Amino acid sequence: MNRTIDYNIDPASAGLRVEQYLRRRGYSAQNLTEIKKMPRSILVNGVHYYMKQQLAAGDHLQVLIQETACSLNIPPVCLPLTVVYEDEDLIVINKPAGMPIHPSLNNYINSMANALAWYYQEQGKPFIFRCCNRLDRDTSGLTVVAKHLVSGSILSDMVRRHEIHREYLAIARGSVSPKTGTITAPLARKPGTVIERTVDFSHGETAVTHYNVIDEQNGHSLVSLRLETGRTHQIRIHMKYLGYPLVGDYLYNPDMEYIKRQALHSYRLRFRHPVTGETLEFTAPLPDDMRQIIQCPYIR
């Protein structure tokens, strides 16, 4: 992807070297190393600058990102793709259940990455897959993908600092009690398997989930969950630990009477734009297979 990012230097940043200024804007050291290799990648008032040159108040700094490589192991495939939002720096996708995020041995041509590769190939644009909040194959909903190395680095750093706020909707059988709370239970890989996770207070990594029951119908509870950490299968394990596993979860609760996949949906994303700093917030409506179990008038 080609992208020109513009900055106007304020008095507080006067005297900083270009590299210092960009580091303060969230660029990683690796970003700067790669940008240096690109032709005429730094312009100040239209003049080529080196990273060690100083900036003055009122300067117009431009960073010209020029990426021509593609993700070689992701073949473009024409698949349905629901784009919720897109700009020059990122794209937000509402992923359907059953679609893996990226190719794997048994899912080489049916992933969201394959669909995005096709989407950009049709536009004549190179594509490197940089997904910032991965979802399990059978979890539906919102995920954000960076479109170039700088937005990718900044968004990944925001994930590490828990600055991408995620709200999920899940369905459990029965009346979840207490109605609201915080689940704090460390998670680790379950012995004997590379896929399953389990609560492990001796060796597990810290995991914190905040939840709130927002509706009850047809013998089921619709639960809103916010992640404070992002461990593998965190919501699925934490709800099971609470005593209310998600319906349809083939790994942890194979209750398939009403749904054939875990009833989990990435409903809301809120984060600061990696380049502009603007606050972005997106929601994705509850999918039909979950809505057939519980109709919530507050969730659209």
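Trainee: What volume does the largest pocket have?
Mentor: The largest pocket holds about 1,100 Å³ of space. Keep in mind that this is a predicted model.

Trainee: Okay, noted. Which residues lie nearest the centre of that pocket?
Mentor: Look for R134, L135, D136, T232 and H233. They belong to a lining of 33 residues.

Trainee: And which helices or strands supply at least two residues of that lining?
Mentor: There are α4 (149–160), β9 and α5 (234–242). The largest share comes from α5, with three residues.

Trainee: How does the lining of the largest pocket split by class?
Mentor: Twelve residues are nonpolar, twelve are polar and nine are charged.

Trainee: Now the second largest pocket. What's its volume?
Mentor: That one comes to about 220 Å³. Its lining includes V159, H162, H210, R268 and R270. By class, the lining has three nonpolar, three polar and six charged residues.

Trainee: Which strand gives the most to this second lining?
Mentor: β9 does, with three residues. β14 and β15 also supply at least two residues each.

Trainee: β9 keeps coming up. Why is it described as largely enclosed?
Mentor: β9 covers residues 165–173, and seven of those nine residues are buried, so the rest of the structure largely encloses the strand. Buried here means under 20% relative accessible area.

Trainee: Which strands does β9 pair with, then?
Mentor: One partner is β15, residues 264–272, which runs antiparallel to β9 and is joined to it by six bridges. Another is β14, residues 220–227, also antiparallel, with seven bridges.

Trainee: Found them! New topic: how many cavities of 30 Å³ or more are there?
Mentor: A search of the whole structure turns up one.

Trainee: What lines the largest cavity?
Mentor: Its lining residues include M1, E67, I91, Y120, F127, R130 and K147. The whole lining divides into nine nonpolar residues, three charged ones and no polar ones.

Trainee: What about disulfides, how many are there?
Mentor: The count is zero.

Trainee: Last thing, the overall picture. How many helices and strands does the chain have?
Mentor: It has six helices and 16 strands. Its C-alpha atoms fill a box of roughly 65 × 45 × 40 Å along the principal axes.

Trainee: And how much of the chain is buried?
Mentor: Of its 300 residues, 50% count as buried. There is one more number for your notes, about contacts between residues with a separation of 6 or more: 65% of them join residues 24 or more positions apart.

Trainee: Great, thanks! I'll go back to β9 and follow its pairing with β14 and β15.

Definitions and conventions
Residues numbered from 1 in each chain as written. Predicted model: local features only at pLDDT ≥ 70, side-chain atom pairs only at ≥ 80, totals over all residues. Heavy atoms only, no water. Disulfide = S-S within 2.5 Å. 1 Å grid on protein atoms, 1.4 Å probe; cavity = no way out; pocket = protein on both sides within 12 Å on 5 of 7 lines; lining within 4 Å. Points joined across faces, edges and corners; volume = space filled by probe spheres on them. Nonpolar A, V, L, I, M, F, W, Y, C, P; charged D, E, K, R; others polar. Buried < 20%, exposed > 50% of the residue type's maximum accessible area, 1.4 Å probe, protein only. Helix = DSSP H or I, 4+ residues; strand = E, 2+ residues; numbered from the N terminus. Pairing = 2+ DSSP bridges. Contact = heavy atoms within 4.5 Å.
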